Amino acid sequence: AVSHVLSLLLAVSGDIHPNPGPSNDRKDLSICHVNVRSLGAVGRMESVQCDLADNYDIIAATETWLLPSDDSSKFHLRGFHPPFRKDRNFGSLGYGGALLWVSNNIICKRRPDLEVDGIESMWVEIRTFNTKLLLCVIYRANSNTNSDFWNQLQDNYNMILSQNPGKIMIIGDLNADPTTQQGKHLENFAE
């Protein structure tokens with residue numbers, strides 16, 4: 001009689017799953033890149049918060065134009081870890097620069113051991129769904145015509161690939177129009 005009552009109670013509750021267990025509802029990771037051209041400009045942070053933060057798990061920004069003296073707390077997004085930054089470290093002007101916001105729901109850490117001098121890039125390790133992703137946010141100024149940039153980028157990528165086989169993503173602004181020499185360098189890199 002008790003088992004009949006329990007069965008009846010379970011049936012009418014309507015919220016008991018016949019096969020409970022871990023969910024396989026895996027949400028795809030959503031990532032975007034924006035060239036902000038001065039993150040400190042009036043309205044830029046508000047725009048990122050309103051237009052991007054609710055729609056993406058990871059937001060990469062280039063041409064932040066931030067200086068090391070700029071307070072990172074001014075660039076915090078609700079629901080995200082404190083931003084990872086790579087400010088331009090040469091000259092007195094900010095310009096350039098890269099920044100990355102990662103949702104609080106994602107395990108992440110900066111990997112400065114993977115970064116090389118001469119490339120305005122930042123590597124961050126992302127862990128989600130038992131998978132490791134190495135994400136690079138990179139910026140190459142249009143005025144940088146140094147072909148060593150592409151050799152350094154290729155060497156950096158090869159080194160990382162040899163030490164960290166797995167998923168690698170490079171996102172940013174390489175200013176490499178396909179019709180230019182820089183575009184041909186990018187095409188060779190991508191092959």
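The side chains of Arg-111 and Glu-125 form a salt bridge, with 2.7 Å from N to O. This pair ties together distant parts of the chain: Arg-111 sits in the loop between strand S5 (107–110) and strand S6 (120–128), whereas Glu-125 belongs to strand S6, and the two are 14 residues apart. Both Arg-111 and Glu-125 are buried. The structure described here is a predicted model.

Glu-125 also meets the side chain of Arg-127 in a salt bridge of 2.9 Å, N to O. The relative accessible area of Glu-125 is 5%, so this residue counts as buried. Arg-127, at 41%, is partly exposed. Through salt bridges with shared partners, Arg-111, Asp-113, Glu-125 and Arg-127 are joined into one network.

## Other charged pairs

Side chains of opposite charge can pair when their charged atoms come close. The count of salt bridges in this model comes to 7. One of them is formed by Glu-115 and Arg-110, whose closest N and O atoms are 2.8 Å apart. Glu-115 counts as buried because its relative accessibility is 16%, under the 20% limit. Arg-110 has a relative accessible area of 26% and is therefore partly exposed.

Arg-88 is placed in the loop between strand S3 (84–86) and S4. A relative accessible area of 14% makes Arg-88 buried. The side chain of Arg-88 is joined to that of Glu-120 by a polar contact of 3.0 Å.

Asp-173 lies in strand S8, which spans residues 167–173.

Asp-173 does have polar partners. Its side chain makes a polar contact of 2.6 Å with the side chain of Asn-35. The side chain of Asp-173 also reaches the backbone nitrogen of Asn-175, at 3.0 Å. With neighbours within four places in sequence left aside, the residues in contact with Asp-173 are His-33, Asn-35, Thr-62, Glu-63, Ile-138, Tyr-139 and Arg-140.

Helix H2 covers residues 44–51, and within it Met-45, Val-48 and Gln-49 are buried. These residues lie on the same side of H2 because they cover an arc of only 95 degrees around the axis. The buried residues of H2 pack against strand S2 (58–62) and strand S4 (98–102).

Which exposed residues does the face of H2 turned away from its buried side carry? That face carries Glu-46 and Cys-50.

## Loop residues with positive phi

Arg-37 has a phi near 45 degrees, a positive value in a residue other than glycine. Arg-37 is placed in the loop between strand S1 (31–35) and H2. With a relative accessible area of 45%, Arg-37 is partly exposed.

Trp-65 likewise has a positive phi, near 60 degrees, and is a residue other than glycine. The loop between S2 and S3 holds Trp-65. The relative accessible area of Trp-65 is 26%, which means that this residue is partly exposed.

## Met-159 and helix H3

Met-159 is part of helix H3, which runs over residues 148–163. This residue is partly exposed, with a relative accessible area of 26%. Met-159 and Leu-114 are 45 residues apart along the chain, and their C-alpha atoms are separated by 8.5 Å.

## The chain as a whole

The secondary structure of the protein chain comprises 4 helices and 8 strands. Read from the N terminus, the order of these elements is α-β-α-β-β-β-β-β-β-α-β-α.

The protein chain has 191 residues, of which 39% count as buried. Among contacts between residues at least 6 apart in sequence, 63% join residues at least 24 apart. The chain exposes about 11,500 Å², and carbon and sulfur atoms supply 51% of that area.

Definitions and conventions:
Residues are numbered from 1 along each chain as its sequence is written. This is a predicted model: local features need pLDDT of at least 70, side-chain atom pairs count only at pLDDT 80 or more; totals for chains, interfaces and linings use all residues. Side-chain values use heavy atoms; hydrogens and water are left out. Buried means under 20% relative accessible area, exposed over 50%, partly exposed in between (1.4 Å probe, protein chains only). The arc is that of the directions from the helix axis to the C-beta atoms. Contact means heavy atoms within 4.5 Å. A polar contact is a pair of N or O atoms within 3.5 Å; within protein, one must be able to donate a hydrogen and the other to accept it, and residues adjacent in sequence count only if both atoms are side-chain atoms. Accessible areas come from the Shrake-Rupley method with a 1.4 Å probe; for residues, only the protein chains shown count as cover. A salt bridge is a side-chain nitrogen of Lys or Arg within 4 Å of a carboxyl oxygen of Asp or Glu.
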